[in-house]
Amino acid sequence: MDPAPPPSAPRRPPRRRSVKPTNYDESRLDALLHDQLGGPVPSRKRNKTLEERQRETETEAMIALSLGFPIDALLDSELAAGVAAPFAAEQNDYIVVRNHILARWRANVRSFLSKSQIRETVSSDYDHLISRAYDFLSERGYINFGVSPAIQAQFQEENDKGSVVVVGAGLAGLAAARQLLGFGFKVLVLEGRDRPGGRVYTMKMGKRGNFAAVDLGGSVITGIHANPLGVLARQLGVPLHKIRDRCPLFRPDGRDVDDKLDLEVDFVFNKLLDKATQLREVLGEFADGISLGSAIERLRKLYGMARSGEERELLDWHLANLEYANAGCLTELSLAYWDQDDPYEMGGDHCFLAGGNWRLINALCEDVPILYGKTVTRIEYGEGGVVVVAAGGQVFQADMVLCTVPLGVLKSGNIKFHPELPSRKLEAIKRLGFGLLNKVAMVFPYVFWSEELDTFGCLNRDRCKRGEFFLFYSYHTVSGGPVLIALVAGEAALSFESTDPVILLHRVLEILRGIYGPRGVQVPDPIQTVCTRWGSDPLCRGSYSHIRVGSSGSDYDILAENVGGRLFFAGEATTREYPATMHGAFLSGLREASCILHASRSITNGNADPKKCLQKNLRFCNDILLDLFKEPDLAFGNFSFVFDTITMEDPKAMGLMRVTFGTSKNEACRSYISEEESEEQRQLTDSQFQALHLYAILSREQAHHIQLVSGDDKGRLMLLCKKFGLKLMGCKSTFALGSSLITSICGPRRGRNRQRRPMHYKVRF
């Protein structure tokens, strides 16, 4: 199992008013804008009145605005890409063309929008701007992304851009993998689980033949306007169900919460948040070390709010809902920055996807090469490429690697990076918070609660348990069965992990029977229940990220930074604008696919000089061999040996020998060094390479004979070269002839401290 970038909750408590159920059609936004601003967009190449042109431009500008683009300015990324000359007139023309392209694709996201189609509706006078805008939007995933067959049909047949290993088959990894395949990269996704989706997990529950689809991880599409997950749903033709706003609250004894009191405490809660915002503005930088929870509590006491027991219980419910939205206790959230992403929230309704979010995951996996059960334990990166090692020693080599594992896994240190990650990134990983949300999912024989409800809540007398089963989601409208999910947030989510599931189920049923029993409704025993344990899951270690005291939004940016143009990062914890959301994870994958494309071009351009390319590859090979010989299995004089540990006792077992020549000694041995190896050594000019290392492939038995030779190294070399006929090689030749052997030696040595027998083979792609 696995939590979701979040099971997405609104950052403010839901407004509890009655709304008729409806299936949501994301294209309503476009239709609404067209209706308000002048109807459908006509072709640009027919004669139109000035008024028609003006309305058309306004309509497209509003659509672009809904997608996160400013109406009358360029994005910072557009400025950095140099899409238009620094003149107001050209930038204005570019913006109009850009908005037109966005509107054209949004009108039919199932199609692939080509450059030629844009040229049909835009004057040839703007051809240079069409190319710039189209390339920018396409490469950065604003258009022509997703799971439509028409888009997949445009994937390049020749994968000549390079190779990328993607670590993790969650939303971020799958989004990036599909984009990279479309760009022409060779891609391989490594997933530690036996399923895709990561923290998005839809489980089949109930009776065979009558299963219900239940999202145990990410569940809610938060804000449908401009949401890429809404685009995927439109491409698949999957209906979205708007989560109805009516959310009745019940007291611990099952009584309804008084409507008047409910409104009063709702006002108090929002007033406290407003006062907390004012407080941090007054404190300035001193607010960095204060938690949101402590600030709210002090303000509550200062203003004498929520004094009675009933008021306090109701306020605690709102605070629990806030902890749910952030997957963290309020005592850990930063007063200064906890809501820094609010300006970027997607507009529109919150929705469930009919049939569960697995439908998105399943579509994203199509034709993407994924290996399951491959838990990555080590990532090596350098100028010559990357090496990714899975548990058991299996090795994967590529040009670049994209790491999409959850922040909790990065915090755990279960993946070793070589070289170690920059201190700036390590500190950001440490500072950011990674919280917890758990669920109890229950399938009942029938719907005993109101079918007109998607949510309802229950107060708790115990402040420490205010987040325990405080909110219930009804999935009967989308799951195919009578499903209720009880949420557990805040401190309660932590203790939940170590509590017996039977006890937890009894508590949930006690609450439900306390609510519905007095109303004459019998609550049956559930057919099946599941309790999540996201914090105990070694492949996530929690649910989703938040800004902890001492952290800030800039830490998300730091996590998103690539290292050396070889190692890239994606996931909800790498997006400052959309953290803790499923769409944030997806968008980060599109972002990093674009970054990898541009980094690949830089590498290609930098490798135009064959000499420079050779030097980079030599350094990468040297790094691996230097690391391999740090702890040799056998060493004497200037000779050292490493062997495959599984067959180490076999005299015929093959191994690798290294001979080290200093800069001033062993001159008598220079005759055994070829001119080619000397030239290779000359290209490694750093001080760490002043000692010359040459290699040979030999058996364990041959190494034993060399060890028995008395005298200096010259005698050993004579035996090596004249009697055994072995050739000394530089690192390039060694890798060319012995890559499989090196792989079989490296795997178990990296896992030497792990009590398991590694696998010894390498997969190339």
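Within the protein chain, 76% of the contacts (heavy atoms within 4.5 Å) between residues at least 6 apart in sequence join residues at least 24 apart. The model is a predicted one, so to speak with its own ground rules: local features need pLDDT of at least 70, side-chain atom pairs count only at pLDDT 80 or more, and totals for chains, interfaces and linings use all residues. Residues are numbered from 1 along each chain as its sequence is written, and side-chain values use heavy atoms, with hydrogens and water left out.

As for the overall make-up, the chain comes to 24 helices and 27 strands (DSSP runs numbered from the N terminus, H or I of at least four residues for helices and E of at least two for strands). Of its 765 residues, 57% count as buried, meaning under 20% relative accessible area with a 1.4 Å probe, protein chains only.

Turning to one helix pair, helix 9 (residues 228-236) packs against helix 13 (residues 358-365) at an angle of about 75°, the axes lying 10 Å apart; axes here are lines fitted to C-alpha atoms over the stretch in contact, and angles run from 0 to 180 degrees between N-to-C directions. The two helices are therefore roughly perpendicular (65 to 115 degrees). L229, L232, A233 and L236 of helix 9 meet R359, L360, A363 and L364 of helix 13.

Then there is E60, which sits in helix 2 (residues 50-66). With 1% relative accessibility, E60 counts as buried. Its side chain makes a polar contact with the side chain of H100 at 2.8 Å (a pair of N or O atoms within 3.5 Å, one able to donate a hydrogen and the other to accept it; residues adjacent in sequence count only if both atoms are side-chain atoms).

Conventions
Angles under 35 degrees count as roughly parallel, over 145 as roughly antiparallel, 65 to 115 as roughly perpendicular and the rest as oblique. Buried means under 20% relative accessible area, exposed over 50%, partly exposed in between (1.4 Å probe, protein chains only).
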